[in-house]
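Hi,

Here is the structure I promised to pass on. Have a look, and then read my notes below it.

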Amino acid sequence: MRIGMGYDVHKLVERRKLIIGGVDIPYEKGLLGHSDADVLLHAIMDSLLGAAALGDIGKHFPDNNITYKDISSIKLLEKVNRLIRSSGYEIINIDATIIAQNPKMSPHIQVMRENISKSLEISVDMINIKATTEEGLGFTGKGEGIAAQSICLIE
């Protein structure tokens with residue numbers, strides 16, 4: 001059994017969609033990044049790649065490669081799934097936390113879990129997603145960005 005941890009953060013900006021967990025969340029700002037900047041999926045991918053000692057998403061999907069410009073992170077998660085499985089690993093579970101002052105994530109968490117479940121070809125009950133604010137503190141609390149953390153177990 002192997003454990004992996006992932007963390008990601010992106011800046012909130014105007015004129016971008018807010019995509020988290022593969023869900024287009026209505027909000028006045030979105031996350032800045034080379035891909036769709038799905039902070040949750042990026043953290044999950046890094047935790048999975050880390051657990052399998054396969055590097056990180058920057059190694060596999062570099063931000064200077066035009067192939068990944070504005071790509072859906074769901075597609076990247078599917079590629080990570082193939083990498084994990086081709087290395088002989090099975091995903092046991094994922095636990096992740098979204099850190100955002102706004103918007104509220106709770107109405108979207110079930111669909112996020114379903115999106116991740118489908119992409120990783122695992123049961124939705126193997127995926128837990130939580131959301132928290134930072135009570136107005138720090139860059140996430142001030143609404144400047146959104147962060148996510150993930151931990152996973154693979155075997």
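This is a predicted model: local features need pLDDT of at least 70, side-chain atom pairs count only at pLDDT 80 or more; totals for chains, interfaces and linings use all residues.

Residues are numbered from 1 along each chain as its sequence is written, and side-chain values use heavy atoms, with hydrogens and water left out.

The core first. The largest nonpolar core holds 45 residues (a core being buried Ala, Val, Leu, Ile, Met, Phe, Trp, Tyr and Cys residues joined through side-chain atoms within 4.5 Å; buried is under 20% relative accessible area, exposed over 50%, partly exposed in between, with a 1.4 Å probe and protein chains only). Its largest share, nine residues, comes from α1 (helices are DSSP runs of H or I, at least four residues, and strands are E runs of at least two, numbered from the N terminus). L40 is one of the residues with the most contacts inside this core, and its neighbours include I20, M112 and A148 (contact means heavy atoms within 4.5 Å).

Next, the largest pocket, at about 210 Å³. Pockets come from a 1 Å grid over the protein atoms alone: an open set of points where a 1.4 Å probe fits, with protein on both sides within 12 Å along at least five of seven lines, and lining residues have an atom within 4 Å of a point. Grid points are joined across faces, edges and corners, and the volume is the space filled by probe spheres set on them. Of 13 lining residues, H34, H42, I57, F61 and D63 are closest to the centre.

There are five salt bridges in the whole structure (a Lys or Arg side-chain nitrogen within 4 Å of an Asp or Glu carboxyl oxygen). K130 and D95 pair at 2.7 Å, N to O; K130 is in strand β6 and D95 in strand β5, so the pair ties together parts 35 residues apart in sequence. E121 and R85 also pair, at 3.6 Å. Here E121 sits in the loop between α4 and β6 and R85 in helix α3, so parts 36 residues apart in sequence are tied together.

Lastly, E144 lies in the loop between α5 (138–141) and β7 (145–154). E144 is partly exposed at 44% and touches K11, L12 and F139, leaving aside residues up to four places away in sequence.

Cheers
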